[in-house]
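This report is for a reader who is meeting the structure for the first time. Please look over the sequence and the model below before reading on.

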Amino acid sequence: MSYNHPYPHAGVQLNHTAVYASDRYLSAEFIAAILGLKVGAPFGPFLPVDLGNGVTLDYCEKRDEPIQSQHYAFLVPDEQFDTVIARLEVVGVTYYADPGHTDPGRVNDLFGGRGAYFDDPDGHNMEVMTRPYARP
């Protein structure tokens with residue numbers, strides 16, 4: 001296999017990822033409501049939330065040990081950002097301008113867009129942003 005190409009696996013795409021939750025229904029419904037998405041039909045132990053770009057968050061319950069907090073970032077259209085923030089406010093979830101959650105009730109303006117961080121019911125650090133990070 002040759003690794004001379006700058007992106008040797010350019011055809012590789014993320015299809016799904018498992019998201020551990022103490023209650024898969026609660027967590028899937030939460031993120032779907034915040035992002036304006038729908039929860040799909042259960043598939044084995046998974047409850048999928050389709051993100052619309054071919055990727056699903058497959059929520060599965062983990063009850064035998066604590067859930068390790070993970071970070072999930074969602075790129076949302078600029079015209080939908082205010083709606084996402086309003087949904088967080090309606091359900092009483094605090095959002096922050098920073099990933100460390102030290103600047104409550106504020107959004108950031110990174111990379112010429114807007115962004116915010118918030119916790120889901122199991123403490124996963126969720127992020128919404130209108131511009132992807134600029135990478136070196």
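Predicted model: local features only at pLDDT ≥ 70, side-chain atom pairs only at ≥ 80, totals over all residues.

Residues are numbered from 1 along each chain as its sequence is written, and side-chain values use heavy atoms, with hydrogens and water left out.

**Domain**

An unreviewed UniProt entry places the feature "domain: VOC" at residues 13–131; such annotations may be inferred rather than shown by experiment. Over residues 13–131 the chain is 21% helix and 28% strand. Helices (H or I, at least four residues) and strands (E, at least two) are DSSP runs, numbered from the N terminus.

**Nonpolar core**

A nonpolar core is a set of buried Ala, Val, Leu, Ile, Met, Phe, Trp, Tyr and Cys residues joined through side-chain atoms within 4.5 Å. Buried means under 20% relative accessible area, exposed over 50%, and partly exposed in between (1.4 Å probe, protein chains only). The largest core has 25 residues, and Ile 31, Tyr 59, Phe 74, Phe 118 and Val 128 touch the most other members. At least two residues each come from β1 (16–21), α1 (24–35), β2 (47–50), β3 (56–61), β4 (71–75), α2 (78–90), β6 (115–119) and β7 (125–129). Helix α1 gives the most, with 6 residues. In soluble globular proteins, nonpolar side chains tend to be buried together.

Contact here means heavy atoms within 4.5 Å. Not counting residues up to four places away in sequence, Phe 118 touches Ile 31 and Val 128, and its other partners include Phe 30, Ile 34, Leu 88 and His 101.

**Single residues**

Ser 27 lies in helix α1. Why is Ser 27 classed as buried? Its relative accessible area is 1%, so Ser 27 is buried. Beyond its neighbours within four places in sequence, Ser 27 is in contact with Ala 21, Tyr 59, Asp 120, Pro 121 and Asp 122.

The loop between β5 (95–96) and β6 holds Val 107. Val 107 counts as partly exposed because its relative accessibility is 34%.

His 101 is placed in the loop between β5 and β6, and has a positive phi of about 60° although it is not a glycine. Phe 111 is also in the loop between β5 and β6; its phi is positive too, near 55°. At 42% relative accessibility, Phe 111 is partly exposed.

**Cavity and pocket**

On a 1 Å grid over the protein atoms alone, a cavity is a set of points where a 1.4 Å probe fits but cannot get out, and a pocket is an open set with protein on both sides within 12 Å along at least five of seven lines; lining residues have an atom within 4 Å of a point. Grid points are joined across faces, edges and corners, and a volume is the space filled by probe spheres set on the points. There is 1 cavity of 30 Å³ or more.

| Space | Volume | Lining by class |
|---|---|---|
| Largest cavity | about 40 Å³ | 4 nonpolar, 4 polar, 3 charged residues |
| Largest pocket | about 430 Å³ | 14 nonpolar, 4 polar, no charged residues |

Ala, Val, Leu, Ile, Met, Phe, Trp, Tyr, Cys and Pro count as nonpolar, Asp, Glu, Lys and Arg as charged, and the others, Gly among them, as polar. Phe 111 is one of the residues lining the largest cavity, as are Arg 114 and Tyr 133. Strand β4 gives the most to the lining of the largest pocket, with 4 residues.
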